[in-house]
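This report walks through a single protein structure for someone meeting it for the first time. Please look at the sequence and the structure shown below before reading on.

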Amino acid sequence: MSLATQPLSEQTAAVVARLAKLRFLVASWFWVDGLARVLWLALALCLADLLLDWLFRMDRPQRGVMLVLMLGGLGYAVYRRLARPLSARLSDDALALQVEAGNKQLGQSLISALQLARLDDIEGRGMSPVLVRQTVLTGTAAAARVPFAGILDGREFRLNCILLVLAIAAFVGLGIGIATNDSLHIWANRNLLLGDRTWPQQTYLIVERVKDGKVVFPRGEDWTQVVTVRDDSKVVPSEISIEFRRAHGRPPQAMKRTSPDSRQFDAVFNNVIEPFDFRARGGDAVTDWVRVELVEQPAVESLSLIVTPPKYAGREAEALPPGKGPYYVLAGSSLALSGKANKPLVRADLLIDGQRRPLTLKDGLEFSGQVPAEKLVPGQYVIELEDTLGLTGRRPTTFGLRQKIDREPRVRVRLIGVSGMVVPRARVPFTCRISDDFGLTLAEVRYSWRGDDVANPEGAGTIALVGAKEQLGRVEMSLDDALELAPLKIPTGSGLNFHFAAADNNDIGGPTVGKSSDFLLRVVTEEELRTDLLRREKEQRQEFERIVKNQEDLLTDSRALQAAARGAAALSPQQKDLLMQYQKRQKLVGQNTGAIAERLASIVIEVQNNRLEEAGGKLQGRLENDIIGPMREVAETLVPELTQLLDRTRRQAAEATARGQALGDTIAQQQVAVEKMQEILRHMVKSEGFQEAVNLLYEIQKAQSDVHTETNKERQERIKRILEGAGNPAPPDPKPQP
């Protein structure tokens, strides 16, 4: 009776225990099956990844994608084959149903026993306790005769175990292979660790200047990228190409070998303004993708140039205006430069004609330097900057220096009162203006002469300028003086050539000497000069005769106009035009007369400078008082009055009385002018006659002097012959008879 009264749950305890064991077996089955499938899937993925990488040489991003896909596939397999099956809780009822499904003889006795054993208050449910207990006992008894593990596929479980063991062994072998086999190690490095190992190949390429998978380009500039074939490459490809990614459809670009035997290839990327990726392909080698990053190139933001001129210039240091080159500087100057860059620098150099001069850096941004005078040469100067990335400016800052020529002193000289002929005792007046950029140290006259006398054929020398010493050191000098020819003792018949010279204070490559134009004078006798002066005076007299004739013609034409206009109320247009022509002709008479007066005045000055007469001599008095003075009166007084009278006559053409009066005054004044000019002409003729007489006297004196000289010479020769016993020369030998 005690057994009959045991709780129903105790009756099914053995069955529940067997179901729990079955649950463990099912979990083990899932573990073996899932692990085997996952491990073999991992092996298959590794093999596929190895083959893909071997065949296609995937880059790091591609290998990264493959690794993610592999891990994703394995994760899904783990979830589907392990996590999800194992996370599902198998109830006793579900297991009982599976046992009944595998053992048809049980019918539903097992599930009924389990479910009824869990019920309480059976009578309250309207069920028969005896019947319920009997059902439970029947079901447990039937289950005791059935093996629960039989519902599992033992053959498949054993196969899964074998596959699992083989998979584990394969993974162990893979690990050993990775450690010992170079190919597997390369695969693991490339695809599991995403390393940089490469597969064994005939060619290995190196993309130069790459750091951390990136290369830095200067924005907006052309960039030359170099790819090198490694030394351990067995094959050097004949060509290498560059492939692009994220470069807006840029096509592949062929690279050129830098030299026929070189292992380096280069390609130029033009005007790079946006980032992109590229890689090199050549032979069986393909490099990883390289990311191009753009940075600003180093450049000069501000620049200061200060030039210190040489000491002799006497000037302070000067700042050169930026961007206004080329700059002109004096030889012997020194240069100081300083500036600021747009980014930190590691180097700043100044290139001068290919020579590199380092500049001093301060705080990485500022640079400065000095160029001494001996190194400062004309040419193009280049400031080269290098930043912390190793980039140099593709468009460096440049400035040009040109040598500023220290010009020689400018010498301007004008001779006063001399012509091309002078006598040995003449004085040569001059006015001289000398200027220089920085200062004068010398001013003198340099002369040379060549004579006709064989005994004294030539001579040369210098003449110090009076008053120049007090003005030395200035940048401008003004001299008004005269050269005395007498101390030079130049014989007549010689040609005198001279110029004025001045030297500056240039102590570097100098001093430089400037000179005036050359002056050439012929040194002649007094007789030759007087003859030339008389010739020139005659030329002026002949010219003045033509002017007097013009004035007489004007008088005749004016009288004719007076006669034609007498009684007329107004002048005709033709008559007005005649008055205009008379006025112009009258002005021309005055101008020409004044010009002759000035030329004659220059003859007077020339007479004074050559000391042909004392001041106020007869020749000078006649020319000045009887000819030059009256000529100037005609040119400066009479002719302007006549011009005004002719103009008044023209303006009063419509008033007969006033016009007649004005024209009459004009004719009367013209008559005065004609008489005055004729008087001047008579004095000119008289002066010429006097001058001819004077010249004749000089010629007679010269002839007498020559006769006296020849007589003395002959006398001395006869005395010499007498003293030497040659007073009675032997008669000449008779001519031989034929």
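Predicted model: local features only at pLDDT ≥ 70, side-chain atom pairs only at ≥ 80, totals over all residues.

Which element supplies the largest share of the lining of the second largest pocket? The largest share comes from S12, with four residues. Residues are numbered from 1 along each chain as its sequence is written, and side-chain values use heavy atoms, with hydrogens and water left out.

## Pockets and cavities

Rolling a probe the size of a water molecule over the atoms shows where empty space is left. Here the search runs on a 1 Å grid over the protein atoms alone: a cavity is a set of points where a 1.4 Å probe fits but cannot get out, a pocket is an open set with protein on both sides within 12 Å along at least five of seven lines, and lining residues have an atom within 4 Å of a point. Grid points are joined across faces, edges and corners, and a volume is the space filled by probe spheres set on the points. Lining residues are sorted into classes, with Ala, Val, Leu, Ile, Met, Phe, Trp, Tyr, Cys and Pro as nonpolar, Asp, Glu, Lys and Arg as charged, and the others, Gly among them, as polar.

| Space | Volume | Lining by class |
|---|---|---|
| Largest pocket | about 610 Å³ | 12 nonpolar, four polar, 12 charged residues |
| Second largest pocket | about 210 Å³ | nine nonpolar, one polar, four charged residues |
| Largest cavity | about 50 Å³ | six nonpolar, two polar, one charged residues |
| Second largest cavity | about 30 Å³ | no nonpolar, two polar, three charged residues |

The largest pocket holds about 610 Å³ of space, and of the 28 residues that line it, Asp196, Thr198, Leu205, Thr287 and Asp288 are the closest to its centre. Helices (H or I, at least four residues) and strands (E, at least two) are DSSP runs, numbered from the N terminus. In these terms, helix H3 (60–87), strand S1 (205–207), strand S8 (285–286) and strand S9 (290–295) each give at least two residues to the lining of the largest pocket.

The second largest pocket has 14 lining residues, and nearest its centre lie Arg315, Glu318, Tyr328, Val329 and Lys404. Two or more residues of this lining come from each of strand S11 (318–320) and strand S12 (327–330).

Two cavities of 30 Å³ or more are counted. Around the largest cavity stand Pro298, Ala299, Val300, Ile383, Leu385, Gly393, Arg395, Pro396 and Thr397. The second largest cavity is lined by Arg622, Asp626, His683, Lys686 and Ser687, with helix H11 (618–651) and helix H12 (656–723) each giving two or more residues; H12 gives the most, with three residues.

## Cores and cysteines

A nonpolar core is a set of buried Ala, Val, Leu, Ile, Met, Phe, Trp, Tyr and Cys residues joined through side-chain atoms within 4.5 Å, where buried means under 20% relative accessible area, exposed over 50%, and partly exposed in between (1.4 Å probe, protein chains only). The largest such core has 74 residues, and those with the most contacts inside it are Phe498, Phe500 and Phe544. Contact in what follows means heavy atoms within 4.5 Å. Not counting residues up to four places away in sequence, Phe498 touches several residues, including Leu415, Tyr447, Leu483 and Phe519.

With a disulfide taken as a pair of cysteine sulfur atoms within 2.5 Å, the count comes to zero disulfides. Cys161 is partly exposed, at a relative accessible area of 25%, whereas Cys432 is buried, at 0%.

Val99 sits in helix H4 (residues 92–102) and is buried, with a relative accessible area of 0%. Leaving aside neighbours within four places in sequence, Val99 is in contact with Leu19, Leu22, Leu106, Leu110, Val146, Phe148 and Ile151.

Ile168, in helix H7 (residues 154–180), is partly exposed at 43% relative accessibility. From Ile168 to Arg546 there are 378 residues in sequence and 141 Å in space, C-alpha to C-alpha.

Pro275 belongs to the loop between strand S6 (264–269) and strand S7 (277–282), and is partly exposed at 39% relative accessibility. Pro275 and Val292 are 17 residues apart in sequence and 5.3 Å apart in space, C-alpha to C-alpha.
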